[in-house]
Amino acid sequence: MNKQQLANKIWESANKMRSKIEANEYKDYILGFIFYKFLSDREEKYLRKEGWDNEYMQIYLREEYSEELFDEEYTEKDHKEFVETTQKNLGYFMSYDHLFSTWLDKGSDFNVADVRDALSAFSRLINNSHKKVFDRVFDTLQTGLSKLGDSSNSQTRAISDLIHLIKDIPMDGKQDYDVLGFIYEYLIYKFASNAGKKAGEFYTPHEVSLLMSEIVADHLKDRNEIKIYDPTSGSGSLLINIGKSVARYMGDSDRIKYYAQELKENTYNLTRMNLVMRGILPDNIVTRNGDTLEEDWPYFDESDRQGTYEPLYVDAVVSNPPYSQPWNPADKESDPRYSRYGLAPKSKADYAFLLHDLYHIKPDGIMTIVLPHGVLFRGGEEGEIRKNLIENNNIDTIIGLPANIFFGTGIPTIIMVLKQKRENTDILIVDASKGFEKDGKNNKLRASDIKRIVDAVVNRVDIEKFSKVVSRETVRENDYNLNIPRYVDSSEKPESWDIYASMFGGIPKSELDDLSEYWRAFPTLKNELFEHINDKYVELKTEDVKSTIKNHPEVQGFLDNYHSAFDNFADYLFEELKKSMEGVNISKEEAVLSNDIFKRLKDISLVDAYEAYQILDDSWSSISVDLEIIQTEGFESVRQVDANMVLKKKNGKDTEVQDGYIGHILPFELVQSLLLSSSLEELKIEEDRLSQIASEYEEKLDSLSEEDKGKSYVNEDNTAFVWAEVKKAIKSGDEEPETTVLLKYALQLNNEEKKLKKEIKEKTAALHIKTKETIEKLTEEDVYSLLYQKWVVPLVNSILDLPNKTIDSFASSLEKMAKKYESTMSEVESQIEETEKELCTMLDMLTGSNFDMQGLSEFRKILGGV
């Protein structure tokens, strides 16, 4: 299964297994075991590379020297050197009994005590140079083991289930860092979505993280070495995404150094685990468990204060601190982080975090921070700090995010971008609050929303109802209030009703002007659609608006130009994807294709290029998984077929059983439609006939008399024949001749149905096996043809359909406008009067008691009747 399927399987099982344990707690246990497996597998891989086999490991992979077990030539000094060398290369040492694979091999002999012993030993055997990376990293897991059950046996069962659940996560290769990282991130996301308000303690939504990452990466793209810092690191995902985005430009991710600080110990441990599992070198990981506001990043190592003195200044700071939490500003007036700008109020630490971040960036650095919307306009101490930041030219960009984008809180949030030194003095304000998709109870930025924001920030452009470059003088005139609606009005124009058109009919020209971009694109179309009533109003002169628009030469020319722009796109796309199969960086390839799409759409009006980009990104999530598999497992993986494992109840427990086969990359349905179409068509004909039989049954039942429907050969609710009784009725000869003919025909249908069902079942099974064999024997030409159909055809068709959707939307707007003024108020009034008269006539026909008639008389008066 691919990484998405594996991640989803692990989550669904883990969510069931956690039972009554809070999601926020359980995540620490499963993620802790995943990290332990990663370290264990990493040691095994290292030893195998050094020539150790499993038998050798069983004997020599021990913490203590053993004269009884070890060869005489292998001295105690040799063993000490081996342990120290392993620690030096890995940062830790695990004995054979403590390996994750050994736990699995123990089967029913495995016990919770094995885990306790292993975690205790790990703490003892960390190399001194790696203490800051690994020391106490498993403390949360170790103290939480007792919460996994009431007794040793129940804890053992819970842990055994957990380690068997995660045993299939691959952890041995550069490509697998992506799989492991994806699963780790996915689990954090799923646990966050179930953790309520506590989610904010450890999780920044992936899409917000990506948005901040792209802005930072563009600023740092020309640098050779980079330091990045997150002072409220949570799970570390934000920091990692920044690193990944920057690495795309640098090429060498080993030249990025990561600094992270986190207050809560369990979350601090998540940061360290996450960084290590992404393949980041331990020397590039500098972490600290501490209070960011109370204890600034130390300028020295505690063991050597004088020799290690060095203030921390980095290229980028990114953070998503807790919103508007209280803090203690006492005795901090002289703190260099705050002395230049002022102290945040005791009740809200938002600006304290911001000023901390700003202090730690280099003169040419950048910082991005997520904050509540209120920091833009609140007064008092915050207003003074905001004024100082504006006058010191630090605020570069403000981005308003959609509501409900973070788990556990619905408050409006912003991203603020700041720099120490800027050439320009204006501020870019972006209102991105309208661009999102629903994801359960929350809102979620789409890939196109992220790109639209990043492009606006990078290019620093004014876009109507979206972004505005605001001068410092304008901000001063607004008393340093940065509330977004003051500068960018993203509200939709309210619907208006023209009084004249409502009374006399026609369509106001002023409302047609709202579609000005279409009239610019199609200058003569308006005259084809409308004729003038007077200088302010027009009326339609066509009954079929949509056809008139689509058949107009200028619209046809627009469609032709669009298709010409994408003439060779399908071939270009497939050639690029074939390059990716050979080892091109997959994440970079999407950017290449994206740039190509935007270039093709540069001179095309009306179609939103970001919609085309969204289509690419939606397809890319599937294509990239296939490319990763081909890059990792080779071209032959396209011909691979896997057992389709499903969960079924067995002895009251969910058990994995095989249910046929599934293509490793190629869907069976695609292969059948292209290479086995005759067999598929034959099967479809029989399935269609089966549906027809069901309809004929219904017809025959309906044609029975009510008396016959009450007989024993029809079930109680008159929805089906009872076949045993049908046979008896036919045999008895007691029924009317017409009924007997009908029953005989129904019985004939039943026999045909049973035969068809048997044939369909057999042919479906045979086609399934034939599809499996076909995939396994595909020629190279067939493989490419199928991949083209899977990857290219749906994507290209969706992009080519965009102008049709644009024209349909335009036509719908005009039809709605025409419908709006189709009936004048006098016509509506006449219709009401006519309806009242008809109703009065019907009331006259009614009879009833004296009280009924009095009530009807009063009702008639209300309607205007006599």
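Predicted model: local features only at pLDDT ≥ 70, side-chain atom pairs only at ≥ 80, totals over all residues.
Me: How should I read its accessibility: is Glu225 buried or exposed?

Reply: The general idea is that a residue counts as buried under 20% relative accessible area and as exposed over 50%, with partly exposed in between. Glu225 has a relative accessibility of 60%, so it counts as exposed.

Me: Which residues does Glu225 touch, if I leave out those up to four places away in sequence?

Reply: With those left out, Glu225 touches Met250, Arg255 and Asp315.

Me: Let me try another residue; is Ser154 buried or exposed?

Reply: The cut-off for buried is under 20%, and Ser154, with a relative accessible area of 16%, is therefore buried. Ser154 has its place in helix 9, which covers residues 152–166.

Me: What does the side chain of Ser154 reach?

Reply: The side chain of Ser154 reaches the backbone nitrogen of Asp150, at 3.0 Å. Not counting residues up to four places away in sequence, Ser154 also touches Leu148 and Gly149.

Me: How do I read a phi angle, and what is the phi of Asp331?

Reply: The general idea is that most residues other than glycine have a negative phi. In this structure, Asp331 has a phi near 65°, which is a positive value in a residue other than glycine. Asp331 sits in the loop between strand 4 (314–319) and helix 14 (350–359), and, with a relative accessible area of 72%, Asp331 is exposed.

Me: What is the phi of Asn718?

Reply: Asn718 has a phi near 60°, again a positive value in a residue other than glycine. Asn718 lies in the loop between helix 29 (706–709) and helix 30 (723–732), and its relative accessibility of 36% makes it partly exposed.

Me: Turning to strands, in what order do the three strands of the open sheet stand?

Reply: The order is 12-14-13, and the pairing is antiparallel. Strand 12 (507–508) and strand 13 (530–532) stand at the edges, each with a single partner strand, so one side of each has no neighbour in the sheet. Strand 13 pairs with strand 14, residues 537–540, over three bridges, and Glu531 has Glu539 in strand 14 as its bridge partner.

Me: How many residues line the second largest pocket?

Reply: The lining has 47 residues, and those nearest the centre of this pocket are Lys465, Glu492, Asp514, Glu517 and Tyr518. Among the elements that give two or more residues to this lining are helix 16 (447–459) and helix 26 (609–633), while helix 33 gives the largest share, nine residues. By class, the lining has 16 nonpolar, 11 polar and 20 charged residues, and the space in the pocket is about 2000 Å³.

Me: Finally, how many helices and strands does the protein chain have?

Reply: The protein chain has 35 helices and 16 strands, and 48% of its 866 residues count as buried. Among contacts between residues at least 6 apart in sequence, 72% join residues at least 24 apart.

Notes: Residues numbered from 1 in each chain as written. Heavy atoms only, no water. Pairing = 2+ DSSP bridges. Helix = DSSP H or I, 4+ residues; strand = E, 2+ residues; numbered from the N terminus. 1 Å grid on protein atoms, 1.4 Å probe; cavity = no way out; pocket = protein on both sides within 12 Å on 5 of 7 lines; lining within 4 Å. Points joined across faces, edges and corners; volume = space filled by probe spheres on them. Nonpolar A, V, L, I, M, F, W, Y, C, P; charged D, E, K, R; others polar. Buried < 20%, exposed > 50% of the residue type's maximum accessible area, 1.4 Å probe, protein only. Polar contact = N/O pair within 3.5 Å; in protein donor to acceptor, adjacent residues only side chain to side chain. Contact = heavy atoms within 4.5 Å.
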